[in-house]
Amino acid sequence: MSAIIEIKNLVKRYNELIALDHFNLEVGEGEIFGLLGPNGSGKTTTINCILSLLSYDKGDIKVFGLKMTPSSYELKRQIGVVMQDVAVFDELTVYENIDYFCGLYITDKELKKQYVKEAIEFVGLDEFSNFRPKKLSGGLLRRLNIACGIAHKPKLIFFDEPTVAVDPQSRNNILKGIEQLNRDGATIIYTSHYMEEVEQLCSRILIMDKGRSIASGTKEELKNMIKNTEKISVEVPNLSSQAINDIKLLPHAYDLDYSENVLKVSFSGGSHNLVHILDYMKSNDYTLGRVYSELPTLNDVFLEITGTELRDNA
Amino acid sequence: MFFHNLRYNLLYSLRSKVSLFWTFVFPLALSTFMFMAFGKIYETTEKFKPVPVGIVTVNENEIFNKVLDEVSGDDGLIIPKNMTDENAVDALGDGDIYGIIYVDDNISLSINENGIEQTILSSFLDRYIQTESVIMQIAEINPANIQAAVDKLKSGTLNYRELTVSDGNSDNLVNYFYAILAMSCLFASFIGITSTLNLQANLSALGVRRSIAPTRKTTLILASFISNLVIQFTVECLALLYMIFILGINFGDKYAAIILLLLNGSSLGLSMGMFIGALSKPAGEGIKMGIGISVSMIMSVLADLCANGIQDSIEHTIPVINRINPAALMTDSFYALNSFDNYERFTRNMVILVIITSALLTGAISMIRRNRYASI
């Protein structure tokens, strides 16, 4: 798999603040690569540096094996960007907006017309092609934003938090669309602070915090990096101190918390942890309420590595 | 690519109703208010009207009668009304006439108060008395030339009407409307600022999208400039037509030159705005708009577009400011069109305006193109 993006030792400072601290990244062709991190972790700064919008203090950035500069027009032709902020002209219709932005990349009129039509169909805005953006709902507006970024059929597409402030149905459509684009051959860089989206979508993930890469790999690789393999929660009233000590001694249990009649036990390994807990409760005549077994999430990965919750920062 | 951008720039500019509204409304509304406010004042105070005067003939004076015929009428200097002494005194008291000329062996003037009209009558009579003595001398020395002397008197000596050295209109009233057109051109800078904000990644989301496209910034800037120029120039021309045909302002007959001046002025205003919009610091639309307003107003004040006398003072102290101040160049161009038959001064001003416009536009392009920003 050839690298489409290579970043080595990228350093970006905003006065005293180090936004990117010797940051490294390599994205292969055909991947959906996730950049996950809380707000302010450096995800958008990384994208802006790759796109040559931002100057940086140190490091090398190569896109398609070439150094990216503001005048790398041939490279830019192969790149599509869907930014977090909707960037369309309020005075133009849906069709005109897509036609305008597609026309910045495609000069052949017939080809452009075809691409615009396909983009409108792709995002499902066929019925709204004569609408002005102000007449569109938030979700439809996001879809227009996506269409403007991908109409020219780029080989590399950046999605920078495209689902912020989007309703669940539109979010689902957007994620499905991204998967389709990838199946059609585009390499995707996807940034988000929503770990569920990144888990669902991305083949490889890099977790960022404070401008640094703190972990990268597939979601399985990332989860294997941490101690926690299962977290079990049980609603059980009046649990005795003896019971708490007994449960602590169960195989693979390494952390326990009991408060407000809810017992939470973390395990490192083991495949029958829930059975062991339920057996203990039954044999000691405890009455149980709801029982949950949770596998580790990327939030647990982030929590274990940084000591803070991904959600808390977001 | 250029025409693709030009087409869409025109389209969204024409659909930007708020901005288009103010671009159109400013010159039309201001010229209407100006006409309503100053047009009447001008009619009553500044525009010359013939002075009604009572003529009481005690003894016939053929030469004076001939002169009166020449200077009387609606387009003349005075409106003589033959009266008896008694009627004339009553008319003077009622304010129907401004003075009484007694035609006798010695011609005399009677007035009962001082004012511009009375001064005109007095000056006219003084001038006649001086000239009459010359004619009398000619009559004594060479009587055959008397008619020629009177003709000479008619053609020049007693012609008190304003003479212009061009085909333009040098009425003071028209200067107000020139000022409006000049200021309207300068205010095109606001459109220029807005258009460059939409090209810069650190100032707008649209700027980000256009910066990552494989289109040269020079192409984007020039397309934006030309499309805005088409709109601004059309507005200026419509304002000119409104002033001529609706308000009835007489701009003389050098319309081609006036239109060229409006084109040049609109280009200057837009390029100035684009230059301000392209400055890396200070950033932010509000601050840039503030700078645009300040610069336009300072230029206008220095060019007498807001108050009289400053441009003249600058001309006598630091004339170079008038040579490089676009507002002064525009007003001076209007002045030159109305005051001189040749185009030397007008052409010089046009060339300077083109140079300034080119410099500002080049500056804007060089600041925006191939730019990587320190922060977005």
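Select A:Glu197 to begin. With a relative accessibility of 3%, A:Glu197 counts as buried, because buried means under 20%. Bear in mind that this is a predicted model.

**Stop 1**

Is A:Arg171 buried or partly exposed? A:Arg171 is partly exposed, with a relative accessible area of 24%.

**Stop 2: a network**

Now select A:Asp99, A:Lys112 and B:Arg7 together. Salt bridges that share partners join these three into one network. Side chains of opposite charge can pair when their charged atoms come close. Over all chains, the count of salt bridges comes to 15.

**Stop 3: A:Arg204 and A:Glu31**

Pick these two next. A salt bridge joins their side chains, at 2.5 Å from N to O. How many residues apart are they? The answer is 173. A:Arg204 belongs to strand β9 (residues 204–209) of chain A, while A:Glu31 is in the loop between β2 (17–28) and β3 (32–36). Now look at their surroundings. A:Arg204 is partly exposed, at 25% relative accessible area. A:Glu31 is buried, at 4%.

**Stop 4: A:Lys43 and A:Glu161**

Move on to this pair. Their side chains form a salt bridge of 3.4 Å, N to O. A:Lys43 lies in helix α1 (residues 43–50) of chain A. A:Glu161 lies in the loop between β7 (156–160) and α6 (168–183), and the two are 118 residues apart. Both A:Lys43 and A:Glu161 are buried.

**Stop 5: a charge without a salt bridge**

Select A:Arg142, in helix α5 (residues 138–150) of chain A. What is the nearest side chain of opposite charge? It is A:Asp85, 6.1 Å away. A:Arg142 has no salt bridge, yet is buried. Show its contacts, leaving aside neighbours within four places in sequence. They include A:Met83, A:Gln84, A:Val86 and A:Ile174. A:Glu161, from the previous stop, is also among them.

**Stop 6: all of chain A**

Zoom out to chain A. Here there are 12 helices and 14 strands. The C-alpha atoms fill a box of roughly 75 × 45 × 35 Å along the principal axes. Of the 314 residues in chain A, 51% are buried. Colour chain A by charge: there are 35 positive and 44 negative side chains. The centres of those two sets lie 5 Å apart. Chain A exposes about 14,500 Å², and carbon and sulfur atoms supply 47% of it.

**Stop 7**

Switch to chain B. Its secondary structure comes to 16 helices and four strands. Buried residues make up 47% of its 376 residues. Chain B exposes about 18,100 Å², with 60% supplied by carbon and sulfur atoms.

Finally, select B:Asp85, B:Glu86, B:Asp90, B:Asp94 and B:Asp96. Together they form a negative surface patch. Where does B:Asp85 lie? B:Asp85 is in helix α4 (residues 85–94) of chain B. B:Asp85 is partly exposed, with a relative accessible area of 39%.

Terms used: Residues numbered from 1 in each chain as written. Chains lettered and ligands numbered in written order. Predicted model: local features only at pLDDT ≥ 70, side-chain atom pairs only at ≥ 80, totals over all residues. Heavy atoms only, no water. Salt bridge = Lys/Arg side-chain N within 4 Å of Asp/Glu carboxyl O. Buried < 20%, exposed > 50% of the residue type's maximum accessible area, 1.4 Å probe, protein only. Patch = residues over 30% accessible without salt bridge, like charges linked within 9 Å, V, L, I, M, F, W, Y side chains within 5 Å. Areas by Shrake-Rupley, 256 points an atom, 1.4 Å probe, with all protein chains shown as cover. Lys, Arg positive; Asp, Glu negative; His and termini not counted. Charge placed at Lys NZ, Arg CZ, Asp CG, Glu CD. Contact = heavy atoms within 4.5 Å.
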